[in-house]
Amino acid sequence: MNLLVRGGRLLDPASGRDGRYDLLIEGGRVAEVAPDLSHLLPEGSEPRGIEVLEASGLLVLPGLVDIHAHLRTPGQSHKETLETGTRAAAAGGFTQVVTLANTVPVLDDPLLVAALVARVEREAVVRVHVAAAVTKGQMGRELAPLGALAQAGACAVSDDGRPIADAGVMRRALEYAKGFGLVLLDHAEDPGLAGEGVVHEGPVAAALGLPGLPSLAESVAVARDVALAGLTGARLHVMHVSARASLEPIRRAKEEGFPVTAEVTPHHLALTVAEVARFRYDARTKVNPPLRDEEDREALVEALAEGLLDCIATDHAPHAADEKDAPYRDAPFGISGFETAFALVHTELVRPGRLPLPELVRRMTVEPARVLGLRGGRLAPGDPGDLALFDLEARWRVEPERFESRGRNTPLVGRELFGRCRATVVGGRVVWRDEA
Amino acid sequence: MTAGAPAPGSLLGLAGLPGPEIEAILDEAEALLASWRKGTLPALLRGKTVALVFVEPSTRTRVSFEQATNLLGGRAVLLGEAGSSLEKGETLFDTAETLRATGVDAIVLRHPEPGEPERLAGRVPIPVLNAGDGTHEHPTQGLLDILTIRQAFGRVAGLRVAIVGDVLHSRVARSTAAGLRALGAEVVLVGPPTLVPPALGRALGAGVAHDLARGLRGADVVMTLRLQRERMRAAYIPSLSEYRAFWGVTPERMAWARPGARFMHPGPANRGVEVTSEVHDAPASLVRGQVRNGVAVRMAVLARALAEGGLRPARPPEAIAR
């Protein structure tokens, strides 16, 4: 069955299109993009072999790409499953996501990676790529079998959630990963500086009596790791940059021509430690890295707008409600991000004029795809038939109990956002429709 | 995990509590203290049951809450982690629900994790009194410190109080400083930068000094905090002797404060570390009064939580025994 997406405003930064276009998807790929393809539908008769997706009044985007998410498979189906996680992704307009390796057991074994890749085929509703562990058990000491992991289908490697403390191990991991063309996704954090910290270090943490997690725990690790990327020539991608002080090392590394990219999350772009002051001991604000100061947030917005930060990634990290409902120090880090990501950045950055809409789209489609060399993120003939339809004017309230994700924890609860995904298409198949 | 507002009469911290409300509690404590001396304590808690839930060891706070409950004619039931259902992995909130269902009228909670009294108060319809939550607050200790100061000086506003030691990890310092600020006192936090970060001064509206002589200068009250020995393992301080050499309060160093300055310590003290016995036991020391005031303040906050009509209207100052 072919799919005709008709009457929408196509916004595809990678192919330079912004305007009224119809799209025809054949055999799972974009076949034709033209201002009017209605001649494909013979008048008066039922179209044969062509499904029509009406997009008038809607924005047609290349399917969003999220290179940082936790689908919790295998081993933590109480937090999320491939099915619920990818339905949540689809509901947020994502057509491909990267799931990270801090599962139970950790994805440090080619058999586990191959098994997960096979399960994705059966259970996922969007495309899922697997990032395997860098070190055995993500313990930061011995290298995982990166070559075999790549052969088994890993698209990248990462010890996300557990920073690699030893600079020597990090150096060899980068060198070795380079030999297999793997990008290392870096959770940059100095464990000594981070200590027991759970909240951005400063007056809010001090007043609540909660241990602070200073910005420099991130920034010194970023400085170290981009320098190692320069030394080794290996591809380093800095995940979830949160601190202003992390931007200068990234800028210098890029100026030097080091193979470094970086991402930022919607929550670090939109929220600050003021949310912690508001939610107090409710751990729905607990993320790692923590929500930081307004000056950090400002700097991140600027860095994204100028492209110093390459892309937006959600760090969708669902947890069961009972796990999050714990003393702040004990509760796990992480919030659900798929279903609010686009709308949050659209509401907080695009609508107030801080970021042009095409830039937002670019940073959530072609740029994240480019970081990992994934196909997609563009809607030119021959590209995967992955797209998302958004209604930018749709105003809605975040009601986590209506999420597709099993993780209902978000500090955005009750917040009013603009922009809703109305339909998501993967390989020419409609995998999500907003029934609301 | 929807949380509601705490029941009226709850006491979760002194931060954010308005000065007049603190004054009212102190006035009530004074009045109860006077009645206690005369043997005429009113049975304000008659028919009331107070659960003392101590998920962390404590002697003086637990005993003085128990004593305060008994003195006002109420009944105290004691729940520690060992031997209680908390030990079996039941959550604090489920335990509290059980307590409430059995007719408990208020919960006094000591917990090692910051914020647990506040989280509990959002879920039970009865008052919750914070008896110390990790490194956050210990409001009844703060109140008794402030009451002790008010008794010694006849006022709080305009005094300069130096709090010396491990402020970063001190729930007492957070409560005492917040209450003192609300009543118009000046507070200076004194200690090495590892234990007295500037952000904490900003959070509490207090000054910060990393030099003992400077910190004590002009102080009417010098309060030292207990130094936990585990701070050395985490590299906050090099050694007890180094700490003693630079931050220990001795009679000579008390002379850096204002003449007639008084000494305080929330206890239990490491004699010879943060303070010498000469200072701790000197006539200028208010430590003994602190302990007695602990019972009075806890009577007052229990009355505020449970007595019919809450606290009695504040009486004119001359009616209050000083």
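Mentor: Let's begin in chain B, where the axes of helix 1 (residues 19-38) and helix 13 (residues 287-306) come within 8 Å and cross at roughly 115 degrees. Axes here are lines fitted to C-alpha atoms, for helices over the stretch in contact, and angles run from 0 to 180 degrees between N-to-C directions. Helices (H or I, at least four residues) and strands (E, at least two) are DSSP runs, numbered from the N terminus. The model is predicted: local features need pLDDT of at least 70, side-chain atom pairs count only at pLDDT 80 or more, and totals for chains, interfaces and linings use all residues. Residues are numbered from 1 along each chain as its sequence is written, chains are lettered from A and ligands numbered from 1 in the order in which they are written, and side-chain values use heavy atoms, with hydrogens and water left out.

Trainee: Which hand does the crossing of helix 1 and helix 13 of chain B have, left or right?

Mentor: Helix 1 of chain B passes helix 13 of chain B in a right-handed crossing. A crossing is left-handed if the near helix is turned anticlockwise from the far one by less than a right angle, and right-handed if clockwise.

Trainee: And which residues make the contact?

Mentor: Among them are Ile25(B), Leu32(B) and Trp36(B) of helix 1 of chain B, and Val297(B), Ala300(B) and Arg304(B) of helix 13 of chain B. Contact means heavy atoms within 4.5 Å. The residues of this contact between helix 1 and helix 13 of chain B divide into 12 nonpolar, 1 polar and 5 charged. For those groups, Ala, Val, Leu, Ile, Met, Phe, Trp, Tyr, Cys and Pro count as nonpolar, Asp, Glu, Lys and Arg as charged, and the others, Gly among them, as polar.

Trainee: Switching topic: which residues of helix 4 of chain A are buried?

Mentor: They are Val169(A), Met170(A), Ala173(A), Leu174(A) and Ala177(A). Buried means under 20% relative accessible area, exposed over 50%, and partly exposed in between (1.4 Å probe, protein chains only).

Trainee: How are the buried residues of helix 4 of chain A arranged around the axis, then?

Mentor: Seen down the axis of helix 4 of chain A, the buried residues fall within an arc of 135 degrees, so they line one face of the helix. What covers the buried residues of helix 4 of chain A includes helix 3 (146-151) and helix 7 (215-232) of chain A.

Trainee: What comes just after helix 7 of chain A?

Mentor: Gly233(A), which takes a positive phi of about 70 degrees.

Trainee: Where else is phi positive, in a residue other than glycine?

Mentor: His240(A) has phi near 25 degrees, and Arg280(A) has phi near 50 degrees. Most residues other than glycine have a negative phi, and most peptide bonds are trans.

Trainee: Are those two buried or partly exposed?

Mentor: His240(A) is buried, with a relative accessible area of 2%, whereas Arg280(A) is partly exposed at 31%. Arg280(A) lies in the loop between helix 10 and helix 11 of chain A.

Trainee: Which peptide bonds are cis?

Mentor: One of them runs from Asn288(A) to Pro289(A), with omega near -5 degrees. Pro289(A) is in the loop between helix 10 (274-279) and helix 11 (294-306) of chain A. Another joins Gly267(B) and Pro268(B), with omega about -10 degrees. Pro268(B) is in the loop between strand 9 (262-264) and helix 12 (277-280) of chain B.

Trainee: Last one: where is Thr224(B), and what does Thr224(B) touch?

Mentor: Thr224(B) is in strand 8 (residues 221-224) of chain B, and counts as buried at 1% relative accessibility. Not counting residues up to four places away in sequence, Thr224(B) touches residues including Val164(B), Phe263(B) and Glu274(B).

Conventions:
The arc is that of the directions from the helix axis to the C-beta atoms.
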